[in-house]
Amino acid sequence: MQQFEHAARVLGWHGHLVSNVEVLGSRFTAVTRLRPEVHRWRVAHDWPPQADPSRVHAWAETDGPEQVPVPAVDLIGVLVRVSKARRATRACGTLLTIAPCAAVLPGDHPYRPWAFTELDYYGIGAVTTYREGPARLVLAPEDRRSEFGTSLFERWLLELLYQRVLQQEENAESPSNTTEGGGADLP
C-alpha cells in the first residue's frame with residue numbers, strides 16, 4: 001500500500017486510496033475524492049451507494065427513475081502495479097477511458113526508451129517506487145476521458161468506489177481499524 005501512497009503523492013493526486021479494486025479483468029488502486037456536499041445531500045435524501053450494476057443500468061432504461069443521484073466521489077486517477085513497463089498498456093487498457101492511469105513500477109526498473117514511448121503515446125503515466133522510500137515520476141499520465149465520453153460502466157464504478165470509501169471511513173472509526181482491501185487518505 002505504501003508504494004501506491006508514494007506514487008499518488010509524486011503524481012500530485014490527493015484523495016482517498018481505494019485498493020484492490022477488480023473490474024473488467026483489471027486490478028488497481030483508485031485515487032478518489034469524496035464530494036462532501038453531494039454525500040450530505042445523498043444521505044439526507046436516502047441515496048446510498050448503488051454498487052449493484054443492475055441498479056445503475058436501470059437508470060438508463062426508458063422506464064427507469066426520473067431522478068438519479070449525482071456521483072458522490074470524483075475519480076482522480078488509477079494506479080496499476082506492473083513488473084515491467086511493457087505490461088502497462090494492457091494493465092491500463094480500458095481504464096484509460098475513465099481516469100488518468102499510471103503504472104507503478106519497481107524502483108530499480110530500467111529506463112527502456114521504446115516501452116516508455118509507447119506509454120507516452122497512449123497517455124499512460126509511469127512511476128518507479130521501492131516498497132520503502134520515495135517514488136520517482138518517470139512519465140506523467142494524461143487525462144483522456146473527454147475523448148471517450150461517459151458510460152454506464154464509469155457511473156457504476158463511481159458508485160462502487162463511493163461504497164468502498166464509506167466502508168473505509170466506517171472501519172477507520174471502528175476500534176479494530178482493519179479493512180480488507182483497505183485504503184488510505186492522502187493529504
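Which residue in β4 does Val80 stand opposite? Val80 stands opposite Ala103. The model is a predicted one, in which local features need pLDDT of at least 70 and side-chain atom pairs count only at pLDDT 80 or more, while totals for chains, interfaces and linings use all residues. Residues are numbered from 1 along each chain as its sequence is written, and side-chain values use heavy atoms, with hydrogens and water left out.

Strand β4 comprises residues 101–106. Strands (E, at least two residues) and helices (H or I, at least four) are DSSP runs, numbered from the N terminus. Strand β3, residues 73–81, is joined to β4 by 4 bridges, and these two strands run parallel. Strand β5, residues 125–129, also runs parallel to β4, and 5 bridges join the two. Two strands are taken as paired if DSSP finds at least two bridges between them. Within β5, Thr129 is the bridge partner of Pro106. From β4 the chain crosses through helix α5 (residues 113–122) to β5, and this β-α-β crossover is right-handed; that is, with the strands pointing away from the viewer, the path from the first strand over the helix to the second runs clockwise. Strand β4 is mostly covered, with 5 of its 6 residues buried. Here buried means under 20% relative accessible area, exposed means over 50%, and partly exposed lies in between (1.4 Å probe, protein chains only).

A disulfide joins Cys92 to Cys101, with an S to S distance of 2.1 Å. A search of the whole structure finds 1 disulfide, defined as a pair of cysteine sulfur atoms within 2.5 Å. The torsion about the S-S bond of Cys92 and Cys101 is about -75°, so the disulfide is left-handed. Both Cys92 and Cys101 are buried.

The nonpolar interior comes next. In soluble globular proteins, nonpolar side chains tend to be buried together. A nonpolar core is a set of buried Ala, Val, Leu, Ile, Met, Phe, Trp, Tyr and Cys residues joined through side-chain atoms within 4.5 Å. The largest such core has 42 residues, and Phe28, Leu75, Val78, Val80, Leu119, Leu157 and Leu161 touch the most other members. Among the elements that each supply at least two residues of this core are β3, β4, α5 and α7 (152–173). Helix α7 gives the most, with 8 residues. Apart from neighbours within four places in sequence, Leu161 is in contact with Val18, Val21, Ala30, Thr32, Val73 and Leu75, where contact means heavy atoms within 4.5 Å. A second, separate core of 13 residues includes Phe4, Trp13, Leu17 and Val104.

The whole structure contains 7 salt bridges, each a side-chain nitrogen of Lys or Arg within 4 Å of a carboxyl oxygen of Asp or Glu. One of them pairs Asp74 with Arg35, the closest N and O atoms being 3.8 Å apart. Asp74 lies in strand β3 and Arg35 in the loop between β2 (26–34) and α2 (36–44), so this pair ties together parts that are 39 residues apart in sequence. Asp74 is partly exposed at 31% relative accessibility, and Arg35 is partly exposed at 24%. Arg144 forms a salt bridge with Glu142 (3.2 Å, N to O) and another with Glu147 (3.7 Å, N to O). Arg144 itself counts as buried, at 17% relative accessibility, whereas Glu142 is partly exposed at 33% and Glu147 is exposed at 56%. Arg42, Arg155 and Glu159 are linked in a network of salt bridges.
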